[in-house]
Amino acid sequence: AHVGFLKQIAGQLSILIEKGRWVSDLAQSNERYRTLFEMSNDAIFICPSPTHPCVTVNENMCNWLGYTHQALSKLSLHDLMHAGEFDRISQLMEGLVPGGTPIIFETELQKGDGGELSLGMRVVAIEHGGEQFIQGFARDLSEVKALSEQLKRHSTFENLIGKNHKMQEIFELIHKYSPTAFDDQKQF
């Protein structure tokens, strides 16, 4: 009788040990996920739909837009975009299905201080717990846009384009000796 009782206890202990391993594996998996989520160079968000508030956002999303986690978790993409821009983006997202093709686009989101942030976004549909969500990965494009504008100004003059050294010298001379050429408000 004691042997049978000990076998039952041993069976239950083995189940508990196995559950302990599962819990430990789950905790490690969760920690890896959190690390990837927070250490990403992208801003990441998850929301049920473009009109529903974000379920979760990473630190980059908060920092770039200037919101706290609590404030950003009350806002939706609809709240963060201009109306016309939101209409364009929500039409793109209508066809999203879990496992389907991601949608890639550029947009601007409104920052907490009233400014705007240019972002390149990659949005996918995911399924979790029987529900569908939108997961977005965003890259800050503000520096790229500023450099592009600077390059455009530096290598062009009116309808002339030139990147070689001689053309750059000519552009500099025009800038130096004809400052009114770039001042739309002054008239000859």
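In which helix does serine 90 lie? In this predicted model, where local features need pLDDT of at least 70 and side-chain atom pairs count only at pLDDT 80 or more, totals for chains, interfaces and linings use all residues. Residues are numbered from 1 along each chain as its sequence is written, and side-chain values use heavy atoms, with hydrogens and water left out.

Serine 90 lies in helix 5, residues 83-93 (helices are DSSP runs of H or I with at least four residues, strands are runs of E with at least two, and both are numbered from the N terminus). Serine 90 counts as buried because its relative accessibility is 18%, the term buried being applied under 20% relative accessible area with a 1.4 Å probe and protein chains only. A polar atom of the serine 90 side chain lies 3.2 Å from the backbone oxygen of aspartate 87.

The strands form an open sheet of 5 strands in the order 2-1-5-4-3, with antiparallel pairing (two strands pair if DSSP finds at least two bridges between them). Strand 2 (56-57) and strand 3 (103-110) stand at the edges with a single partner strand each, so one side of each is left without a neighbour in the sheet.

Strand 5 (residues 131-140) pairs with strand 1 (residues 43-47) in the antiparallel sense over 5 bridges, and here isoleucine 44 stands opposite phenylalanine 137. Strand 5 also pairs with strand 4 (residues 116-128), again in the antiparallel sense, over 10 bridges, with glycine 120 opposite arginine 139 and histidine 128 having glutamate 131 as its bridge partner. Strands 4 and 5 form a hairpin with 2 residues between them, and glycine 129 in the turn has a positive phi of about 60°.

Conventions: Buried < 20%, exposed > 50% of the residue type's maximum accessible area, 1.4 Å probe, protein only. Polar contact = N/O pair within 3.5 Å; in protein donor to acceptor, adjacent residues only side chain to side chain.
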